[in-house]
Amino acid sequence: MSAGWIERARRNAFGWGLVLPSLLFLGLFTYYPMLRTARLSLFEQDLATPKPLFVGLGNFAALLKDPVFLKVLGNNAWYAVGTVPASIALAFAMALFADKAVRGRTFARVAFFYPNMIPMIAVANIWLFLYTPHFGLLARLASWLSGQNVSLLGDPHTVLGAMIAMAIWKEAGYFMIFYLAAMQQIPKDLFEAASADGARKWTALRRITIPLTMPTTLFVAVIAMTNAFKLVDHLWIMTKGGPNHASSLLLYHIYETSFQFYDQGMAAAMTVAMIALLLLLSALQVFGWDRSIHYD
Amino acid sequence: MNNPVLTWGSSKRARRRSAVRRLRRALLTRGGWPSAAWHALMLAFGAIWLVPFAWVVRTAFQPSSEAAGSGGFGAWTSWTLANFAHVWEGAPFGRYYANTALITFGILIVQLLTVTLAAYAFARVRFAGRGMLFALFLAQIMVPPDALVFSNYQVLNQMGLLDTKIGIMLPYFASSFGVFLLRQAFRQLPYELEEAARMEGCSRLGIVARIYAPLCRPVYLSFAIVSVSFHWNDFLWPLIVANSDTNRPLTVGLALFAKSTESGAQWSYVCAATLLVAAPLLVGFLAFQRKFIDSFMHAGLKG
């Protein structure tokens, strides 16, 4: 009886000991900062009030009335709407091609995936170059199409679209690999049976490939939406969120608020809002996962 | 009918006809002309995807005087390495390289250790609070470090580690994602292996080091590829932590360099610098394309 107790205590100590190093770093840089931010979001702390002043939910109320914050949130929503469906559709087409193509299979995989190997900051340089008036390939194309000189990044109407094009270029190849994995798992005899029944390729695509990759679509959609909040590095190089906040995104705005305006309380409130959004998206993911992936 | 010229002519026609037929078959057997059009379309997409990078490569190797006038077009015959030399001397890229390598591999080495221990605990040790701890680890996957950059900055400030390389590395020393990845792999190994080793008098840590880790080498490689790619390209966190060239990694150095050059005449230098920063991972990817793609596939599916 007591021997069993000692044995169990030793096993507990061993288990916790193994987890401890990870737990220490997670605690310091995930759990503690989260709690600290949640607390700070309830205080007013900026250059005028160096000593934190408790304001309850005042920061959040102020956020809802702040036109810049609402503008940035709207930008982020458009950024997501612009990138998510387009990059998913492209990723699906790419995977369909790279999965079955007789020739050009490796070429397709490399050509579509390589943007993910380039740092976002370098991607920003590349696309800034493409968009530079008079010089850039895309700037010239746009000028030629519209018949006048355009500055795609300088115009509030086109700047977000220009960012979306870049994001699609970067992301589609990443999502392609998940579709590739899903398509490889579809039993081949399903297609054989379908073609024996005289089903056309189009029908097989509609009845077999698309439904069976549905869990992947959900999974990819969640990652894509999360990335719409995370991918902001390019703003430092390309626009600084301008002109007139037309291209600013949430994480970038938090950075500005925190490190340029030193408004810690508001920055914390926005961080809380962002984490809540991301958790909501992850909840969707867990929801979808339960049906599509089973652990042993 | 025995005219040799005529037979020669008809056989030529027949040969031509069979060649056309063969070409047709190659293009069309997999679904007729829609399939051929589909191939052409997707290959064109692939080509379009390569254009931005190809253009940057071209500009990087073009004499800067020429690039200023033509913006990448113009004479395709003149190539130079002068831009790279200029960039290498214009900013401490050598130092940035060393910093990035140190940070990236420093993180990886510590991660391999913490991740292995925790993964083994979650896979094979039954201890009180395991389920609760596991859920706590899950939370970290849901809240990406990017969202906590500003809060982590405060913590680092309290620790007095701003503007240090260890400060840049510290938040990444634990990886829930790695723990999950390895836990799955460890659980798939037969338990009999461990029992047999224990009969032989091997300690549990010895078992992890001598049985579990070596048998899961492919999983470690996948994790390493994803981790290195992520930290090599990371920008926001090192940007706010590092304040001096002694600690800045490549990405931050590149951003500073790109901002210090404003005029179009200097695009050749920016392109050269961009290539310098992106090259190591790109070369690795081109060389081990399949392994890289597989790693990211597993990372996404299990992380």
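Select Asn83(B) and the residues it touches (contact means heavy atoms within 4.5 Å): Thr59(B), Ala60(B), Phe61(B), Gln62(B), Ser64(B), Ser268(B), Tyr269(B) and Ala272(B), leaving aside residues up to four places away in sequence. This is a predicted model, in which local features need pLDDT of at least 70 and side-chain atom pairs count only at pLDDT 80 or more, while totals for chains, interfaces and linings use all residues. Residues are numbered from 1 along each chain as its sequence is written, chains are lettered from A in the order in which they are written, and side-chain values use heavy atoms, without hydrogens and water.

Colour helix α4 (residues 82–90) of chain B, which holds Asn83(B); helices are DSSP runs of H or I, at least four residues, numbered from the N terminus. Asn83(B) is buried, at a relative accessible area of 2% (buried means under 20%, with a 1.4 Å probe and protein chains only). Next, show the backbone oxygen of Ala60(B): a polar atom of the Asn83(B) side chain lies 2.6 Å from it.

Now show both chains. 87 residues of chain A are in contact with 93 residues of chain B. The two chains bury about 8,500 Å² between them, 77% of it on carbon and sulfur atoms (buried area is the accessible area, 1.4 Å probe, that two parts lose on being put together, summed over both). Select Phe29(A), Met117(A) and Phe129(A): in chain A these lose the most area to chain B, together 10% of what that side buries.

Look for salt bridges across the interface (a side-chain nitrogen of Lys or Arg within 4 Å of a carboxyl oxygen of Asp or Glu): the rule finds zero. Finish with helix α1 (residues 2–40) of chain A, which gives the most to the side of chain A that touches chain B, with 21 residues.

Key. Helix = DSSP H or I, 4+ residues; strand = E, 2+ residues; numbered from the N terminus. Buried < 20%, exposed > 50% of the residue type's maximum accessible area, 1.4 Å probe, protein only. Polar contact = N/O pair within 3.5 Å; in protein donor to acceptor, adjacent residues only side chain to side chain.
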